[in-house]
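Please work through the exercises below with the model open beside you, trying each task before reading its solution.

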Amino acid sequence: MADAARGHGSLPVANVQALAETCNNGVDEPVPQRYLSKDPSAEEVVSADDSACAIPVIDFRKLLDPESSEEECARLGSACHHWGFFQLINHGVPDEVIANLMKDVVGFLKQPLESKKECAQQAGSLEGYGQAFVVSEDQKLDWADMFYLQVHPSESRDMRFWPTRPASFRDSVDSYSLEAAKLAYRLLELMAKAVGTEPAVLRGVFQGQPQGMRVNLYPPCRQAAGRVLGLSPHSDASGMTLLLQMNNDVQGLQVKKDGRWFAVDAMDGAFVVNVGDFLEDTWWCLGLTLKTLSFFGVGGLGWGHPFVSRSVLMYLVPFVLQIMSNGKFTSVEHRAVIHPTKKRISVAMFFYPCPNMMVGPLPELVKGGIDQRVMRIL
Ligand SMILES: O=C(O)CCC(=O)C(=O)O
Ligand SMILES: [Fe+2]
């Protein structure tokens with residue numbers, strides 16, 4: 001997966017931060033057509049103000065406390081099954097580590113475009129500063145700039161893409177990625193417990209495996225916030241994703257459930273965690289997921305097709321958690337919308353499973369003679 005995560009880059013596109021400055025500066029420069037989607041606001045969105053409809057909040061401290069662990073673990077299992085998303089509070093990642101990461105990410109993004117271009121993506125790679133999902137010249141574009149780094153295993157790091165300014169950037173990412181991994185592995189154990197299986201099994205699939213960090217910068221769009229999308233609907237290609245949002249006064253993330261979009265009000269200091277596709281129950285055929293094919297509205301794609309390459313990267317890995325839980329966990333579609341006047345920054349940490357292994361539902365979870373679905377992780 002380390003190499004798969006590196007390959008299959010994105011076509012180069014305009015820098016959205018610079019574009020937004022032109023469009024937002026009062027000159028009334030129109031937003032280019034390629035960024036205007038049908039009408040993202042036409043679909044029903046459930047407001048985050050309605051707490052009865054909010055994604056669940058899970059307390060990590062309660063998960064660890066023997067007094068409350070059983071009850072909180074049941075809530076964790078239910079969140080993974082019904083939502084595929086939850087906010088995690090009291091997670092134990094030191095405030096200082098998060099604050100340093102945020103400071104340096106903001107410091108990097110604040111630099112002039114020419115300086116950031118020192119870390120620009122290069123053909124055939126997703127790492128670096130640029131975009132992630134552009135595979136054709138006429139595809140609609142997301143109103144966002146992205147910056148992706150493979151952070152683990154540490155020997156797989158490609159330092160050409162790691163900024164040297166701010167000077168502390170590399171150390172901050174290093175500390176944060178280690179803390180995030182510690183948390184993720186512990187959480188995977190608890191998720192395994194939540195579905196009644198051996199904690200070490202799930203941890204073993206992820207521990208020491210590739211881990212990637214993506215910074216998403218969503219500039220404001222004064223003229224057409226309702227018609228551009230920061231990040232098109234997708235499900236993540238990781239086993240599990242930990243998402244940090246930098247400015248909690250701006251909402252942007254929306255999660256799909258029962259055909260409706262639910263806005264997420266990210267809590268101060270919390271992680272938004274989402275289950276990847278591998279923990280759900282999805283049929284696989286020659287390594288292609290039907291879910292991915294239906295996402296693109298196509299069938300019969302072969303290996304090597306750019307859509308398949310992208311699908312492998314973005315959609316394959318989360319299915320591990322779907323598959324391994326035999327449908328007890330759900331990998332859910334989500335998207336990011338844009339604010340008319342405020343920018344938003346998020347940092348997603350993706351955890352990938354062990355490459356080149358066969359994955360099937362955990363044996364304890366296959367009851368009543370259900371066929372085991374298996375796949376090989378690339
Ligand atoms: O920025 C967000 O809220 C969502 C980010 C996301 O879904 C991703 O990076 O995969
Ligand atoms: Fe995502």
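## Exercise 1: the ligand shell

Task: sort the shell around ligand 1 by residue class. Solution: the shell holds 6 nonpolar, 4 polar and 3 charged residues, where Ala, Val, Leu, Ile, Met, Phe, Trp, Tyr, Cys and Pro count as nonpolar, Asp, Glu, Lys and Arg as charged, and the others, Gly among them, as polar. The model is predicted, so that local features need pLDDT of at least 70 and side-chain atom pairs count only at pLDDT 80 or more, while totals for chains, interfaces and linings use all residues. Residues are numbered from 1 along each chain as its sequence is written, chains are lettered from A and ligands numbered from 1 in the order in which they are written, and side-chain values use heavy atoms, with hydrogens and water left out.

Next, identify the shell members: 13 residues surround ligand 1, and the closest are Arg214, Tyr218, His334, Arg344 and Ser346 (a residue is near if one of its heavy atoms lies within 4 Å). Finally, assign them to strands, which are DSSP runs of E with at least two residues, numbered from the N terminus. Strands S6 (211–218), S7 (229–234) and S15 (344–351) each supply at least two shell residues, and the largest share, 4 residues, comes from S15.

## Exercise 2: polar contacts and burial

Task: find which side chains place a polar atom by an oxygen atom of ligand 1. Solution: take the N or O pairs within 3.5 Å. In the side chain of Ser346, a polar atom lies 2.6 Å from a ligand oxygen; for Arg344 the distance is 2.8 Å, and for an N or O atom of the His234 side chain it is 3.1 Å. Taken alone, ligand 1 exposes 290 Å², of which the protein buries 99% (areas by the Shrake-Rupley method with a 1.4 Å probe).

Definitions and conventions:
Polar contact = N/O pair within 3.5 Å; in protein donor to acceptor, adjacent residues only side chain to side chain.
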